[in-house]
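Dear colleague,

Here is the structure I promised to pass on to you.

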Amino acid sequence: MNLRASRKVSRRWPLISGIVAVVLTAALGLVIGQRSGDLPFEFDSGWMDEALEERSIWLDAPARLMDWFGGGWFGVVVVPACIVILLCVAGRYWGAAYYAIAALISVGLVQLLKSVVDRARPEDILVVTDAGSFPSGHVANAATMAVVLAIIMNRWWVWCVGVAYLVLMALSRTYLGAHWVSDTVGGALVGAGIAVIVWAPLAYRLDRERPRRR
């Protein structure tokens with residue numbers, strides 16, 4: 001197998017896995033939309049009951065911080081812009097383009113799914129949110145950021161930090177009553193799926209601008 005063919009094969013799995021993740025999200029949204037009154041699943045209700053029992057002044061502050069950092073104008077505009085600028089300063093121009101494209105597509109797809117599924121949010125919500133509960137935009141943003149930066153940096157600890165950030169974001173969304181668990185699952189699939197789909201056509205260029213380890 002020549003080098004060109006091997007590169008083509010290496011791009012196939014992220015494309016397929018990313019598409020599968022997005023399709024699974026759409027399928028989950030379809031199931032939710034078909035349920036009478038967008039009723040939550042049993043595990044959604046069970047988890048929400050547990051989250052409500054755990055609410056305390058000590059957990060409110062970090063959960064609200066995650067809400068501010070992961071969404072709204074700060075999470076959707078300021079954080080991505082800072083990441084793009086830092087990547088450009090580091091000379092990772094393809095990495096900056098990769099992150100910008102993935103973030104924009106992820107946000108757009110999330111908003112599309114929100115409008116199509118039009119799922120009601122939980123009643124015991126502690127923060128101000130937009131309409132549409134499925135999928136979670138905060139979790140989608142976190143998943144996109146985690147996967148893109150892990151691919152760009154190519155370090156095991158970046159993957160670990162990214163996964164931890166994603167899990168904390170998902171937990172904070174359910175703790176605040178902003179989303180059902182299934183909303184966070186959908187958000188994670190969308191964010192990660194878009195990240196690997198966009199990676200496929202840029203994989204070779206991203207690899208070339210990656211600093212080589214000695």
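**Helix 3 and its surroundings**

The residues of helix 3 that are buried pack against helix 4, helix 6 and helix 7. Before going further, please keep in mind that this is a predicted model. The buried residues in question are Ala-63, Met-66, Asp-67 and Gly-70, and because they cover an arc of only 100° around the axis, they lie on the same side of helix 3. On the face turned away from that buried side, helix 3 carries the exposed residues Ile-57, Trp-58, Ala-61 and Leu-65. As for its length, helix 3 has 14 residues and reaches 20 Å from its first C-alpha to its last, which is close to the 20 Å expected at 1.5 Å a residue. Just after helix 3, Gly-72 takes a positive phi of about 65°.

**Salt bridges**

How many salt bridges does a search of the whole structure find? The search finds four, and I describe some of them here.

In one of them, Arg-119 pairs with Asp-44, and the closest N and O atoms are 3.2 Å apart. This pair links distant parts of the chain, since Arg-119 sits in the loop between helix 5 and helix 6 (137–153) while Asp-44 belongs to helix 2 (residues 42–54), 75 residues apart. Both Arg-119 and Asp-44 are buried.

Another salt bridge is formed by the side chains of Asp-67 and Arg-173, at 2.7 Å from N to O. Here too distant parts of the chain are linked, with Asp-67 in helix 3 (residues 57–70) and Arg-173 in helix 7, 106 residues apart. Asp-67 and Arg-173 are both buried, and Asp-67 is one of the buried residues of helix 3 listed above.

The side chains of Glu-209 and Arg-92 also meet in a salt bridge, with an N to O distance of 3.9 Å. Glu-209 is in helix 8 (residues 181–209) and Arg-92 is in the loop between helix 4 (72–89) and helix 5, so that this pair, with its partners 117 residues apart, again links distant parts of the chain. Are these two partners buried or exposed? Glu-209 counts as buried because its relative accessibility is 18%, under the 20% cut-off, and Arg-92, at 9% relative accessibility, counts as buried too.

**Helix 5**

Helix 5 (residues 93–117) has 25 residues, which at 1.5 Å a residue should span 36 Å, and its end C-alpha atoms are 36 Å apart, so the two values agree. Just after helix 5, Asp-118 takes a positive phi of about 50°.

Lastly, which residues make the nonpolar surface patch of about 440 Å²? The patch is made by Trp-47, Val-163, Val-167, Leu-168 and Leu-171, and helix 7 (residues 156–175) gives the most to it, with four residues. Leu-168 is found in helix 7, and because its relative accessible area is 49%, Leu-168 is described as partly exposed and not as exposed, a term kept for values over 50%.

With best wishes

Notes:
Residues are numbered from 1 along each chain as its sequence is written. This is a predicted model: local features need pLDDT of at least 70, side-chain atom pairs count only at pLDDT 80 or more; totals for chains, interfaces and linings use all residues. Side-chain values use heavy atoms; hydrogens and water are left out. Patches are made of residues with over 30% relative accessible area and no salt bridge: like charges are joined within 9 Å, nonpolar side chains (Val, Leu, Ile, Met, Phe, Trp, Tyr) within 5 Å. Accessible areas come from the Shrake-Rupley method with a 1.4 Å probe; for residues, only the protein chains shown count as cover. Helices (H or I, at least four residues) and strands (E, at least two) are DSSP runs, numbered from the N terminus. Buried means under 20% relative accessible area, exposed over 50%, partly exposed in between (1.4 Å probe, protein chains only). The expected span of a helix is 1.5 Å times one less than its number of residues. The arc is that of the directions from the helix axis to the C-beta atoms. Contact means heavy atoms within 4.5 Å.
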